[in-house]
Amino acid sequence: MASLLQPDRVVYLVRGEKKLRASLSQLYFCRYCSELRSLECVSHEVDSHYCPSCLENMPSAEAKLKKNRCANCFDCPCCMHTLSTRATNIPAPLPDDPTKTAMKKAYYLACGFCRWTSRDVGMADKSVASGGWQEPENPHNQRINKLIEYYQQLAHREKQERDRKKLARRRQCMPLAFSEKYGLGTRLQRQRPGGPISSLAGLSLKEGEDQKEISIEPAQALDEVEPLPEDCYTRTISLPEVTTLRQRLLQPDFQPAGASQLHPRHKHLLMKRSLRCRKCEHNLSKPEFNPTSIKFKIQLVAVSYIPEVRIMSIPNLRYMKESQVLLTLTNPVESITHVTLAACEEGDPDDINGTAKVIVPTKELVLAGKDAAAEYDELAEPQDFQDDPDVVAFRKSNKIGFFIKVIPQKEEDADVVVSFKIRHDFRNLAAPIRPSEEGAETATEGVWLTHHVELRLGPLAS
Amino acid sequence: CKDKNTFKLPTVKIAAGAVVCVESEIRGDVTIGPRTVVHPKARIIAEAGPIVIGEGNLIEEQALIINGYPENITPDSEVEPKTMTIGMNNVFEVGCVSQALKIGDNNVIESKADVGRNVILTSGCIIGAFCQVNTCEVIPENTVIYGSGCMRRVQTERPQPQTLQLDFLMKILPNYHHLKKTVKAGHHAS
């Protein structure tokens with residue numbers, strides 16, 4: 001049954017800043033802290049920007065300049081799909097001989113999804129395939145730029161004063177650019193809520209330059225407002241002409257009310273992000289720079305370090321009756337792993353969702369290592385683990401199936417939830433090999449890790 | 001004997017310039033105009049009345065054009081047969097289902113779209129892929145229905161007739177498929 005393999009059936013508890021329960025496929029494992037991490041307890045950093053349709057990479061500085069938009073690709077203002085350039089042949093007079101007409105190629109933008117074309121808003125066909133399309137300019141651009149400059153200067157001044165105060169406290173001679181050297185990547189510079197916004201300060205003038213005093217005129221409040229047109233109430237509304245809220249808000253500069261003023265905008269860039277553990281500052285996930293590559297330079301996902309529990313089959317569960325559930329345990333590493341299961345004790349603070357009592361096998365389960373070449377190796381002898389047939393149902397390379405006994409304790413309609421602790425040994429191959437004094441110590445020591453696992457077994461059989 | 005001769009079996013009349021592949025399923029009283037291309041595995045079924053298809057239409061694979069009985073009427077009761085008319089230069093893309101009784105010219109019904117019986121398509125309408133239109137209305141000219149919520153908008157120009165595609169298909173299809181020819185009237189197997 002494929003529904004038993006759904007990711008939310010088996011969740012692992014993450015003990016981070018807040019306790020989260022997520023399936024193992026969505027978790028990361030910091031092998032320096034030896035702990036599970038979820039997306040909420042890691043810091044996300046922008047790695048690179050790229051356009052989703054032309055897959056062009058863009059350095060972050062250039063992206064900021066272009067307001068995070070691609071230079072070549074456009075979005076349909078009607079349905080937000082990517083616009084494609086189409087060509088038609090139009091008769092145009094030759095430049096040498098005005099009486100003769102020759103076929104020239106004219107290009108226009110068209111959307112394949114909603115059939116919007118650039119001719120709908122009155123944009124003339126261009127004679128070049130790319131680069132001829134311009135976005136309409138915002139009428140308030142100048143005022144906004146002036147305001148941004150003024151506030152940048154203000155932020156810079158504030159930052160200098162803060163640096164001066166910090167220098168006055170420490171009597172060492174630290175370089176003036178102390179707070180500028182560290183960008184927003186380190187924890188020191190991360191924005192604290194309520195503090196001064198330092199992002200603008202980074203963009204301002206270099207140190208030591210004379211700063212021009214920029215002054216702005218305050219905004220003027222107008223007394224008279226443009227009156228509504230007289231036929232505002234009597235004019236019939238033509239619905240195809242009115243833009244939807246979504247179409248309007250995607251162009252906050254103009255927010256056109258009529259569909260004939262919807263101009264296409266450049267496509268938004270997407271970004272690749274890297275994840276970093278907040279405690280030890282090591283990278284948990286770092287993608288490759290090339291937008292066409294889906295691989296990772298560093299990929300510390302939980303499924304490649306922690307044994308995974310999956311539900312294989314559930315019998316009919318009845319209230320207060322013991323039933324056997326078949327689970328599988330998969331070993332992701334290449335070395336032999338020993339796993340011990342333990343039921344949650346009474347009053348366990350982690351066990352809030354459990355609705356059934358569970359009896360887990362007490363003996364230690366041994367999982368063989370993952371051997372990719374095992375199926376091709378004919379001479380290998382099958383490893384002999386003495387398996388108790390009451391506990392272990394089957395064994396297949398690095399996976400075993402085992403039984404647990406479940407006694408549902410609540411008679412409600414909700415799903416039966418079972419939780420237990422799983423304890424396995426983890427060899428940290430990343431830790432540096434310290435030269436030992438005795439000389440005979442093993443380089444990698446096993447650490448015993450314990451995880452809290454919850455399984456959702458489904459409703460009681462009626 | 002005489003009774004048998006007066007009862008005419010519904011025939012399929014295929015005009016001279018049309019290309020109808022033999023793997024298509026055409027049942028009932030169907031008239032197909034010239035320059036129309038019917039791909040293999042297309043189905044044109046005239047159950048509750050005749051179907052008249054104009055010229056220059058393109059009916060792709062697994063398209064279903066059906067003049068069927070309305071759902072709440074059993075086939076036994078007496079219903080007046082209504083003719084389904086389809087105009088010129090329409091495109092029925094792969095897998096669409098059309099039950100509309102009146103279709104004008106230059107319409108495009110995209111893949112897996114479903115057009116109900118009470119819809120009347122005028123000209124230049126585009127029913128987007130997987131859109132199900134089963135309202136009881138006349139779709140105005142040059143309307144585009146698209147998206148999962150069947151959003152609508154009006155486009156300024158009608159879709160171009162697929163003359164290039166039709167010419168290409170009329171040349172290539174006979175190389176790979178046998179074609180259906182119309183059965184001449186009076187040629188009943190006696």
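Lys267(A) counts as buried because its relative accessibility is 10%; buried means under 20% relative accessible area, exposed over 50%, and partly exposed in between, with a 1.4 Å probe and protein chains only. The residue sits in strand S10 of chain A, residues 265–268. Strands (E, at least two residues) and helices (H or I, at least four) are DSSP runs, numbered from the N terminus. What does Lys267(A) touch, not counting residues up to four places away in sequence? Its contacts include Cys51(A), Pro52(A), Asn68(A), Cys70(A), Phe74(A) and Thr82(A), where contact means heavy atoms within 4.5 Å. Ser43(A) lies 224 residues from Lys267(A) in sequence, and their C-alpha atoms are 27 Å apart.

This is a predicted model, in which local features need pLDDT of at least 70 and side-chain atom pairs count only at pLDDT 80 or more, while totals for chains, interfaces and linings use all residues. Residues are numbered from 1 along each chain as its sequence is written, chains are lettered from A and ligands numbered from 1 in the order written, and side-chain values use heavy atoms, without hydrogens and water.

Now the cores. A nonpolar core is a set of buried Ala, Val, Leu, Ile, Met, Phe, Trp, Tyr and Cys residues joined through side-chain atoms within 4.5 Å. The largest has 50 residues. Ile404(A), Val406(A), Val418(A), Phe420(A) and Leu455(A) touch the most other members. Strand S21 of chain A, residues 416–427, gives this core its largest share, five residues. Apart from it lies another core, of 34 residues, including Val20(B) and Ile103(B). Back in chain A, Val406(A) contacts Leu317(A), Lys321(A), Val358(A) and Val418(A), among others, leaving aside neighbours within four places in sequence.

Is Ile237(A) buried or exposed? Ile237(A) counts as exposed, because its relative accessibility is 67%. It is found in the loop between helix H3 (178–181) and helix H4 (245–249) of chain A.

Step back to the whole chain. Chain A has four helices and 22 strands. Of its 462 residues, 33% count as buried. Among chain A contacts between residues at least 6 apart in sequence, 66% join residues at least 24 apart. Chain A is divided into domain 1 (69–134 + 240–268) and domain 2 (307–434 + 444–459), with bounds from an automatic or database domain assignment. Their C-alpha centres lie 59 Å apart.
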